[in-house]
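Have a look at the sequence and the structure first.

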Amino acid sequence: MGREMATSQDFVNWVCGPRLLPDYLKYILLAERDSLLRFASGTTHQTIYYPEAKAFHALLPPPREQGQIAEILRALDDKIELNRRLNETLEEMARALFKSWFVDFDPVHAKAAGKKPFGMDEATADHFPTSFRGSELGSIPNSWQLSSVREQCEAVYDGPHATPARSPVGPLFLGIRNLKPLGLDLAETRRLSEEDWPRWTKRVVPAGGDIVFSYEATLGYFAILPQGLRCCLGRRLALVRPLRSPNNGHYLFHYFVSAPFQAYLKQHASVGATVDRILIADFPQYPVLQPKRQLVTAFEDRASAWWATIHSRSAESYTLATLREALLPKLLSGELRITDAEKLIGEAT
């Protein structure tokens, strides 16, 4: 049973009759978004007025065919959403484990109270101390040290301070909008040409396992680059290349997104008239908690497997979203038959 609801003056309600299925209408509006926006007006915010919306025309196949088209597109959306939820679960697992071991120090508190640490084997538990000591970061486990970003990575690179010309194909040009708090968002991407590629990767060619972050405007967003992603840094982005031996990339990433380091970033950010920023020259000096190597390795073993799965699902979702965008106008216009679309989806998945 549907819930009762009301809409504000900023909404238009589309009421479907027997010749138009609601799901099919949704995909029509998605496919024709750019066409609809041509009717928008206004300086502070864009508005499409009711007469323009009412006058919109679209091709309507028989309801049965509408249902088949909507079912094909909805299946792609459902798979993308499922991948998102599964990835979200794995991200939360990795964050929870890091927080328990390296922020809340649950195993140390348990051993100090004479209890066995929860959820770990005896060999791992042996590497946690039983007491704490003071430090500039507050109370930390005894025998653990304080290091710096510089000591925990190969290098920190600043991105270019300009933007290349757009290209329909080619490597990705990462910008602030491609970062979310825990990873990449490639829903909207900008590309640069192969001719421009050498110029924009003079400082560094990003590689799988590198950590990119925003140092201006949107502060504190970090992402691990997946293997095989060909991209370059955009404005206001920087890159940390973790040590390859011993491997510490996932530990370093989760340390960067942890609450204590995020708070440290805010405390040491430079407040500007228009935007706040992290001084790249200072970033390598920022402190990093350094547990025993065996504990970092134990965390890496778990987190690297989770993030490999996350990146695999994200790549699949990107492929499915690209396929959906390609199929959408062709299905709605009748250019592509339903059986052919099903075959393409089968090949892609």
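This is a predicted model: local features need pLDDT of at least 70, side-chain atom pairs count only at pLDDT 80 or more; totals for chains, interfaces and linings use all residues.

Residues are numbered from 1 along each chain as its sequence is written, and side-chain values use heavy atoms, with hydrogens and water left out.

**Overall build.** The protein has 12 helices and 12 strands, taken as DSSP runs numbered from the N terminus (helices are H or I with at least four residues, strands E with at least two). Its C-alpha atoms fill a box of roughly 70 × 45 × 45 Å along the principal axes. Of the 349 residues, 40% are buried (under 20% relative accessible area with a 1.4 Å probe, protein chains only).

**Helices H4 and H11.** How do H4 and H11 cross? Their axes, lines fitted to C-alpha atoms over the stretch in contact, come within 9 Å and cross at roughly 160°. That makes H4 roughly antiparallel to H11 (angles over 145 degrees between N-to-C directions). In the contact of H4 with H11 there are 25 nonpolar, five polar and seven charged residues; Ala, Val, Leu, Ile, Met, Phe, Trp, Tyr, Cys and Pro count as nonpolar, Asp, Glu, Lys and Arg as charged, and the others as polar.

The whole structure holds 25 aromatic pairs, meaning Phe, Tyr or Trp rings (the six-membered ring for Trp) with centres within 6.5 Å; planes under 30 degrees apart are stacked and over 60 edge-to-face.

Phenylalanine 98 belongs to helix H4 (residues 63-102) and phenylalanine 299 to helix H11 (residues 293-333), 201 residues apart. Both phenylalanine 98 and phenylalanine 299 are buried.

Phenylalanine 213 lies in strand E8 (residues 211-214) and phenylalanine 283 in the loop between helix H10 (259-268) and strand E12 (287-290), so this pair ties together parts 70 residues apart in sequence. Phenylalanine 213 and phenylalanine 283 are buried too.

**An enclosed helix.** Why is helix H9 (residues 249-257) described as largely enclosed by the rest of the structure? Nine of its nine residues are buried, including His250, Tyr251 and Phe253.

Note on methods
Buried means under 20% relative accessible area, exposed over 50%, partly exposed in between (1.4 Å probe, protein chains only). Axes are lines fitted to C-alpha atoms, for helices over the stretch in contact, and angles run from 0 to 180 degrees between N-to-C directions. Angles under 35 degrees count as roughly parallel, over 145 as roughly antiparallel, 65 to 115 as roughly perpendicular and the rest as oblique.
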